Amino acid sequence: MGLLENKICLITGAGRGIGRAMAELFAENGAIVYANDTREGCMDEWIEEWQVKIPGKIHAIYFDITDEEQVKHAVMAIRKEYKRIDVLVNNAGVEFNELIGMISRKNMEFMLNVNVIGVVNMIQIVSRVMQKQPEGGSIINITSMTALRGNRGQLVYSATKGAVISITKSAAKELAEKKIRVNAIAPGLTLTPMMAQADPEKLQERIHNVCMGRLAEPMDIAKGCLFLASDLAGYVSGQVLPVDGCTIM
């Protein structure tokens with residue numbers, strides 16, 4: 001039996017990168033996974049291929065986390081099907097890197113809307129389902145090492161991810177009596193499609209600051225999430241787990 005045997009898990013931003021790795025790892029560990037993305041149809045081919053391997057474990061669910069009505073509709077559809085939601089991973093996020101003096105109001109509002117308001121929407125609505133369950137549930141928010149240490153050119157992004165840490169700690173205190181655990185993962189430099197756009201020279205400089213000598217793979221982050229989602233972390237809440245290969249910043 002896997003660590004998440006028969007648990008119902010909802011992962012936002014699961015169309016690629018870290019979210020996709022989580023969906024696959026959770027399914028391999030026995031979970032029934034609802035993989036979310038806003039881009040209609042973007043996960044269909046991947047999930048169809050996956051069904052050959054482990055049928056019925058990953059389901060696509062398309063909605064915008066910033067739209068409260070869409071979130072309610074999606075969460076109620078899962079509840080109607082399985083009567084519960086055991087794990088929520090707030091992985092969806094957007095990032096724009098802009099230096100002070102060049103920060104775009106449009107990009108700033110977009111990051112705040114997705115990275116902060118979207119996370120609050122998901123926690124509010126999913127926790128209503130979890131608190132009716134005798135066993136409660138586990139909520140995992142994806143923040144960033146930039147939220148803990150800052151980084152040049154990422155003032156707004158790091159601010160939104162810092163907000164995620166504050167959300168995590170406050171939600172953990174408020175929901176503990178409902179048996180709902182709330183934790184966060186802070187990934188370091190991770191090899192995702194977004195990273196492919198980085199300047200190779202500057203990227204190499206940043207890799208030199210990682211004591212383990214490499215970028216994280218999405219699966220490295222997914223494994224940290226697997227621990228926090230599972231009953232192994234049954235007495236862990238309000239924590240931020242860095243998964244950064246021991247980075248010096």
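The structure holds one cavity of 30 Å³ or more. This is a predicted model, in which local features need pLDDT of at least 70, side-chain atom pairs count only at pLDDT 80 or more, and totals for chains, interfaces and linings use all residues. Residues are numbered from 1 along each chain as its sequence is written, and side-chain values use heavy atoms, without hydrogens and water.

Trainee: Which helix gives the largest share of the lining of the largest cavity?

Mentor: A cavity is a set of points on a 1 Å grid over the protein atoms alone where a 1.4 Å probe fits but cannot get out, and its lining residues have an atom within 4 Å of a point. The lining includes Leu155, Val156 and Tyr157. Three lining residues, the largest share, come from helix α6 (residues 155-175).

Trainee: How do the residues of this lining divide into nonpolar, polar and charged?

Mentor: Phe96, Glu98, Gly153 and Gln154 are among the lining residues. Glu counts as charged, and Gly as polar. The division is six nonpolar, two polar and one charged.

Trainee: Is Lys83 buried or exposed?

Mentor: Lys83 lies in the loop between α3 (68-82) and β4 (87-90), with a positive phi of about 70°. Buried means under 20% relative accessible area, exposed over 50%, and partly exposed in between (1.4 Å probe, protein chains only). At 63% relative accessibility, Lys83 is exposed.

Trainee: What is the phi of Asn6?

Mentor: Most residues other than glycine have a negative phi. Asn6, in the segment before β1 (8-11), is partly exposed at 43% relative accessible area. Its phi is positive, near 65°.

Key: Helix = DSSP H or I, 4+ residues; strand = E, 2+ residues; numbered from the N terminus. 1 Å grid on protein atoms, 1.4 Å probe; cavity = no way out; pocket = protein on both sides within 12 Å on 5 of 7 lines; lining within 4 Å. Points joined across faces, edges and corners; volume = space filled by probe spheres on them.
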